[in-house]
Amino acid sequence: MTISAENLTWKIGQTTIVDSVSLKAEPGKMLGLLGPNGSGKSSLLRLLAGLRKAHSGTVTLDGKDLRTIKRNAIARRVALVEQHANTESNVKVRDVVKLGRIPHHPPLGGWTKADDEVVDGALARVGMSDRHEQYWQSLSGGERQRVHIARALAQAPTEMLLDEPTNHLDIQHQIELLRLISDISLTSIIAIHDLNHAAMFCDHLVVLQKGRVVAHGTPEAVLTEDLLRDVFRVEARIVTSPHHGKPHIHYLR
Amino acid sequence: MTTLKRHFGEQAGLGLFLLLSTVLLLVAVAAGTGIGEMSIPLDTTFFAVTNKFGWTGIELDPIHQSVIWDYRLSRALVAACCGAGLALCGAILQSLLRNALAEPYVLGVSAGASTGAVSIMILGFGSGAITLSAGAFVGAFASFIFVALLSDGARAGAGKTILAGVAASQLFNALTSYIVSTSGNAQQARDVMFWLLGSFGGVRWPEFQLALAVVVVGFLVCMYFAKALDAFAFGDDAAASLGIPVNAVRVILFAVTALLTATIVSMVGSIGFVGLVVPHAARFIVGPSHMRLLPTCLVSGAIFMVVADIVSRTILPQQVLPIGVVTALVGVPFFSVILYRSQRAK
């Protein structure tokens, strides 16, 4: 058991952003959230993280209603990597990653050697160990994203929610990051735009259109030429890759 | 360097820095007590203080004794408390609102205090039953509540809170001007200046006790939330996803800043710039972590204000400059240097 959503609906004013969405993450698996811009992926992730209150429906964590779980108990389980989280404050890389340990301490609780080890490990995993003293303002967009991932790892979560984490990364770091997330033994839900990457790395996919789930299942079952035409408005052919055995999409126009 | 060593080194460095600045603060308070219009010998100053503590029993001119103890020392200590409190408020608001321009007056608190004071001074509200300070306090809180309602308890976002604060300042400043220009005479208009530019002229020991209590309580509450404040660096959602009860923390800390500012403003009038400058300077010295930043703000704000008060009393013979004039005149060049150096450091 892990995160699941039952009939989630969330509105801004009169506009329905997330429309009776139900989904279930599989423990230890990577669930990809697909959908065009404005299809409600980011909003759904925030609902799943408990940052927004759904107008109707429930989010459950291990079968327990998320609303009944304390904020910092949620934060010890669920980490969120936002899309454009930035700061004016001139923090160092290490300070940002250290934020991930906040839910594990009482407000005045002390920092221990074990915390340092977790932080060092998280930095190493995203390849930022040698730059931990660098200032945030001096990092590139991709480096900042990796620091955010390290901060999320430092939370030692069992569930990780990621909002388009590969956005600012070069292709090497995109692949590295997706491999990292699919390799570590945590449940992840990841909003992603690159359909070929989704097919390669995700175990399951959920496709959103105008806030509704229009398809869900394995990449092989979900990614069809009809779906690409209907939802993403592209003409494409889908073949099974001879290299990795997953679906591969050739865009025609 | 191992991580443990580095950690220890950081703590030791901060400890040393705070120790040195506390010594500097004591020196500043001593200077504030020793320097003044009436020239009193250094040993007389010293004995006037030790006499009161009961450590010495030396016969002194009662006027000297009174000037040192009742006037200068209490004034220097109130200045220290006010500087510490305003700097603390600035640091908290800048972090909570994620805006480098935020300071206590962004909530319109000083404007509200002025209106409150003027209502009592000129319109005679409460017919003597309410003191001027109480009126200022009520005005300060009224303005704070106005801002809280307008920005939906700060839920509407940092930008809106600042806009609401600007609106509140405009409204209450307009009310103050309206009252003064329609009902006040020239003398009253001069008295109003006190609330607009600040003065430590009227403060004695009771004010110090109140200011000390409020600043100590405020500081402890803020330190309790120091880590939560760190988590706000990347915005509300980031803080919430780290387990911070964002709305509760925000309401509590806004209330603390409003209480601190209202108390200070009702006592000494509105003194600008300290809340803005000191936190930036402190961040430049000890970095953005609030466990280090808040104590640093407390001590450096206190030093800044005590020194500013000395300058305001001594720069012109036979005349005391409004303290707000000094903090701005000293603060702006100081701030420019910091801004310049921090840009170079990037």
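The answer below goes through the helix pairs in turn and then turns to the contact between the chains.

Modeller: This is a predicted model, in which local features need pLDDT of at least 70 and side-chain atom pairs count only at pLDDT 80 or more, while totals for chains, interfaces and linings use all residues. Residues are numbered from 1 along each chain as its sequence is written, and chains are lettered from A and ligands numbered from 1 in the order in which they are written. Helices are DSSP runs of H or I with at least four residues, numbered from the N terminus.

I begin with helix H13 of chain B. H13(B) covers residues 290–314, and its axis comes within 7 Å of that of helix H3 (residues 62–96) of chain B, with a crossing at roughly 140°. Such axes are lines fitted to C-alpha atoms, for helices over the stretch in contact, and the angles run from 0 to 180 degrees between N-to-C directions. H3(B) and H13(B) are therefore oblique to each other; angles under 35 degrees count as roughly parallel, over 145 as roughly antiparallel, 65 to 115 as roughly perpendicular and the rest as oblique. Their crossing is right-handed, a term used when the near helix is turned clockwise from the far one by less than a right angle, with anticlockwise giving left-handed.

The residues on the H3(B) side of this contact include B:Arg75, B:Ala76, B:Ala80, B:Gly83, B:Ala87 and B:Ser95, and those on the H13(B) side include B:His290, B:Leu294, B:Leu298, B:Ala302, B:Val306 and B:Asp309. Two residues are in contact if their C-beta atoms, placed from the backbone, lie within 7 Å. Sorted by class, the residues of this contact comprise 17 nonpolar, 5 polar and 2 charged. Here Ala, Val, Leu, Ile, Met, Phe, Trp, Tyr, Cys and Pro count as nonpolar, Asp, Glu, Lys and Arg as charged, and the others, Gly among them, as polar.

H13(B) also packs with helix H12 (residues 274–286) of chain B, at an angle of about 125° and with the axes 9 Å apart. H12(B) and H13(B) are therefore oblique to each other, and this crossing is right-handed. From H12(B), the residues that meet H13(B) are B:Val274, B:Val278, B:Pro279, B:Ala281, B:Ala282, B:Arg283, B:Ile285 and B:Val286. The contact of H12(B) with H13(B) has 11 nonpolar, 3 polar and 2 charged residues.

The next pair involves helix H11 (residues 246–268) of chain B and helix H4 (residues 109–122) of chain B, whose axes come within 10 Å and cross at roughly 45°. H4(B) and H11(B) are therefore oblique to each other, and H4(B) passes H11(B) in a right-handed crossing. B:Val109, B:Ser110 and B:Ala113 of H4(B) meet B:Ala258, B:Thr261, B:Ala262, B:Val265 and B:Ser266 of H11(B). These residues are divided into 5 nonpolar, 3 polar and no charged.

Within H11(B) lies B:Thr263, which counts as buried because it has 25 C-beta neighbours inside 10 Å. A residue is buried if 20 or more other C-beta atoms lie within 10 Å of its own, exposed if 12 or fewer, and partly exposed in between, with C-beta atoms placed from the backbone. Leaving aside residues up to four places away in sequence, B:Thr263 touches B:Phe137, B:Leu210, B:Ala211 and B:Val214. B:Ile40, by contrast, is 223 residues from B:Thr263 in sequence and 32 Å from it in space, C-alpha to C-alpha.

Finally, chain B meets its partner chain: 24 residues of chain B are in contact with 26 residues of chain A. On the chain B side, two or more residues each come from helix H1 (3–34), helix H9 (226–231) and helix H10 (236–241) of chain B. H10(B) gives the most, with 4 residues. By class, that side has 13 nonpolar, 6 polar and 5 charged residues.
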